[in-house]
Every structure is written in structure tokens, then in C-alpha cells.
Amino acid sequence: MMKRLLAIGEALIDFIPEETGKELKNVRGFQPAVGGAPANVCGAFVKLGGEAAMITQLGDDPFGDKIADEFASCGISCDYVKRTKEANTSLAFVALKEDGNREFSFYRKPGADMLLKPEDVKEEWFEDAFALHFCSVSLGDFPMKEAHRKAIQYGAARGAIISFDPNLRLQLWDDPEKLRQAILEFMPLSHVLKISDEELEFITGCASIEEALPKLLTGNTAMVIYTKGSEGAECYTAGARASALSQKVKAVDTTGAGDGFIGSFLYRLASLKVTAENLSSVAGEELEACLKFANAFCGISVTKHGAIASYPTMEEMKEWV
């Protein structure tokens, strides 16, 4: 039986524009949708038939209720979701530009998720964890950063794969260098690192993945996934490398696409019974199959609006892979 995925970090409400092709300041109406990158990764995993649980904190407010209700309806466990009156649930307003890319404005000063404390994370949660996934949004100078450190400690001790997608959100940081340093601090703690072509130079100072790999495959990091949007993705370990092209589609909304990619990639790793100990031994052919699967998952997702709502089921995936 497949072990479950855990993710820690922000769960929030994305306010999606009712009209596209406009800057945020010119959008006249928005629709609320459940989002947050770690939550989206859980959503992808459960859509494909896996089990996932989110570690986060929501405000004791209607938006927190909406997130909890949607988690329950799509199968993401709320067992490790705390509620608080100290802060409201985080919000993010999103604009979709003509090219399908996004513009953000966050309301999170602080958000309830930021106040989750390390002592709120319990070791027994990781008994049957396949992987723990996290991003950089919650690595700022607030309690949730140390909650991440505790979760990573517990997950690694129980043999879980630690997965990190920096998922840059520069708008949330007063100083970009602080974001870069936080990423560099947590990167070596991960076994699987996903990094995009748009993030590579900011994080590593290198213009090419070949030049950056020695800086990325360090510490505990045994696998690097390099995504290139419509140009596909590559995967690197000490013993193998693989690549796969994306199928050409007309993107209508890229919200949650990268999250769907890593969520579906992790699902395929889980189905192959990959562990933290044997990541470096996965054959190139298997890595290529994982990339193709994740590319197809993304390809379906971007043709629909929203994040979790746009993710395909395994039945829908059969038409693509």
C-alpha cells in the first residue's frame, strides 16, 4: 500500500480574476479558490489516488472554514490543521496576464499559517510518511520557519523523502537576499529539489543547470528536477539523468502548474516504491517516465482554471500517457 504525502506551509485563499489579460490593478472582480503551493501538491497527490495530509494553521474565520471544507471534500486530511484567533487566514489576489502568467498581491501580515509553532508539530505524524514537501513562502522570520525545521527533522528520522520546491514569491520578502539565504539554508536538508529555469540564476548564480548542479547536489540532496515550462523538464541524480518534452497545449491558467508537476512526480516515485535511501539508484528510464507523467499532468492542468480544481484524476491521465 502506498504511503502518504505530508506537506507543510501555507494554505490560503487565491482570489482568481473573473477576467484575464489584465494587470491586477485593472481587474474588476475575483472569485475565491483554495490555494497555497504545499496544499496544491497535496491536492495533486490525492487526485491521482494517493493519501495526503497538510500541516498548517488557518484563521478561525470563514475563509479558514472554506479551506477546511475543500480539503475534506477532495480528500486532503485536516488532522494536522490548527485553527487560531491570533491572525486571519492568508489571502492572495491573482491577475492572469495575456501570456497566462500571474501577478500576485498577498494579504498576510501576518497570516494564521505564519504563526504555526515548532512545538505544534508532532513526531508521530511521520510514522507512515512517504514524503514531506515544503516551499520557501513560509521560511521567513516567523514561527512557521522553525516548524518547518522540526517537521524536516522528524520526517527524515522516519525515512521520509524530503522534497523542496523554492517556488519564489519575491513580493513576500523585503530583501530578496534574505529569501535567497533561506533557500540556501534549507536546500541541503532536502532529498528532492525542484527548481525552475526562472529560479535557477537567482538561487545559484549560475545561468545553466549543468553549471549549477554541483551547487544543488550537495548535502542530503540526491535528485534535482529542473523544469522549463513549455519546454519540458529534466532530472538529475549522481547516477542518472533524464529529460522529457512537454506536450503543446494552449494555456489558459498556469496557477498551481508547478505544484501539480511536483505533486504528480512524487506520486509516480511513490508508486515505484522509491525511498530516500535509493533515490540515487533510480534508473534513467524510470526518471524519464516520471517526467513524462508530470508533464502530462501539468499539460491538462493549464488548460483549465484554478489549481486543485484543474488537476486531472488518474482516469483522465490515461488519455495522455
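Q: Leaving aside its neighbours within four places in sequence, with which residues is methionine 223 in contact?

A: Contact means heavy atoms within 4.5 Å. Beyond its neighbours within four places in sequence, methionine 223 is in contact with His191, Val192, Leu193, Leu217, Cys235, Tyr236, Thr237, Phe265, Leu269, Leu279 and Leu287. This is a predicted model, in which local features need pLDDT of at least 70, side-chain atom pairs count only at pLDDT 80 or more, and totals for chains, interfaces and linings use all residues. Residues are numbered from 1 along each chain as its sequence is written, and side-chain values use heavy atoms, with hydrogens and water left out.

Q: Which residues of the largest nonpolar core touch the most other members?

A: In soluble globular proteins, nonpolar side chains tend to be buried together. A nonpolar core is a set of buried Ala, Val, Leu, Ile, Met, Phe, Trp, Tyr and Cys residues joined through side-chain atoms within 4.5 Å; buried means under 20% relative accessible area (1.4 Å probe, protein chains only). Here the largest core has 59 residues, of which Phe71, Met223, Ile225, Phe265, Leu269 and Leu291 touch the most other members. Helix H8 (residues 284–301) contributes the most to this core, with nine residues. Another core, of 42 residues, lies apart from it and includes Ala53, Phe126, Ala151 and Ile152.

Q: At what angle do helix H1 and helix H7 pack?

A: Two packed helices are described by the angle between their axes and the distance between the axes. Helices (H or I, at least four residues) and strands (E, at least two) are DSSP runs, numbered from the N terminus. Helix H1 (residues 37–47) packs against helix H7 (residues 257–271) at about 45 degrees, with the axes 8 Å apart. Ala37, Asn40, Val41, Ala44 and Phe45 in H1 meet Asp259, Gly260, Ile262, Gly263, Ser264, Leu266, Tyr267 and Ala270 in H7.

Q: Is glycine 9 buried or exposed?

A: Glycine 9 is buried, its relative accessible area being 0%. Glycine 9 belongs to the loop between strand S1 (4–8) and strand S2 (12–17). Although 47 residues separate glycine 9 and threonine 56 in sequence, they are 5.7 Å apart in space, C-alpha to C-alpha.

Q: Where is serine 310 found?

A: Serine 310 is found in the loop between H8 and helix H9 (314–317). Serine 310 is buried, with a relative accessible area of 0%. Leaving aside its neighbours within four places in sequence, serine 310 is in contact with Ile300, Ser301, Lys304 and His305.

Note on methods:
Axes fitted to C-alpha atoms, helices over the stretch in contact; angles between N-to-C directions. Buried < 20%, exposed > 50% of the residue type's maximum accessible area, 1.4 Å probe, protein only.
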